[in-house]
Amino acid sequence: MMLKSLRSYKGVTPTLNKSVYIDEASVLVGDITLDDDASVWPMVAARGDVNRIYIGKRTNIQDGSVLHVTRKSTSNPEGHPLIIGDDVTIGHKAMLHGCQVGNRILIGMGAIILDGAILENDIILGAGALVPPGKTLKSGHLYVGSPAKQIRPLTQDELAFLPQSAVNYVKLKDEYIKEVS
């Protein structure tokens, strides 16, 4: 893990809990917390400059993803922080902006989730899907499209895969940590 990937903003530097992996080709700025066993892969850009970002346990942010937040204002006193739960797999080139993502979620490659959107637990969001501002995706379903639409309930195999995907990335980041040590 190369500390040059971590940058302070207004005196606040990202906080890393135990066994976190951050690729040296990513950039994390400001008020960002990565919980245990989280991983951030090449070319990820995350800016906790005008609000905060939280990345949960065993969550992985894959290559080229962009994470940002919405500023606090008189019309929106809390703004929109970016809160990502535990055991979340965020596919390549996804964009998450000021939204809340629950636990055990797979976000497909190139998906976009906008301000104030809420993804409850146990969801698969298909590649290229767009979740509009303020939309809530209910637990236990597959969503696809632009805008994202509920397609069907997840199967038992898909529900079992969600935490397994996170575990697979924990194993991979542990291999990377050993490699760069």
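Author: In this predicted model, a polar atom of the side chain of Ser5 lies 3.0 Å from the backbone oxygen of Glu24. Ser5 itself is found in the segment before strand 1, which covers residues 6–7. Is Ser5 buried or exposed? Its relative accessibility is 1%, and because buried means under 20%, Ser5 counts as buried. Glu24 is one of several residues that Ser5 touches: leaving aside residues up to four places away in sequence, the list reads Ile22, Asp23, Glu24, Ala25, Ser26, Val27 and Leu28.

The wider setting may now be described. The chain has 20 strands and one helix. Of its 181 residues, 45% count as buried. The C-alpha trace spans about 45 × 45 × 20 Å along the principal axes.

In soluble globular proteins, nonpolar side chains tend to be buried together. Here the largest nonpolar core holds 36 residues, and the members that touch the most others are Ile84, Leu96, Ile107 and Leu125. Several strands each supply at least two residues of this core, among them strand 4 (27–34), strand 6 (45–55) and strand 13 (105–107). Ile107 touches, among residues beyond four places away in sequence, Thr89, Ile90, Gly91, Ala94, Leu96, Val101, Ile113 and Leu125.

Definitions and conventions:
Residues are numbered from 1 along each chain as its sequence is written. This is a predicted model: local features need pLDDT of at least 70, side-chain atom pairs count only at pLDDT 80 or more; totals for chains, interfaces and linings use all residues. Side-chain values use heavy atoms; hydrogens and water are left out. A nonpolar core is a set of buried Ala, Val, Leu, Ile, Met, Phe, Trp, Tyr and Cys residues joined through side-chain atoms within 4.5 Å. Buried means under 20% relative accessible area, exposed over 50%, partly exposed in between (1.4 Å probe, protein chains only). Helices (H or I, at least four residues) and strands (E, at least two) are DSSP runs, numbered from the N terminus. Contact means heavy atoms within 4.5 Å. A polar contact is a pair of N or O atoms within 3.5 Å; within protein, one must be able to donate a hydrogen and the other to accept it, and residues adjacent in sequence count only if both atoms are side-chain atoms.
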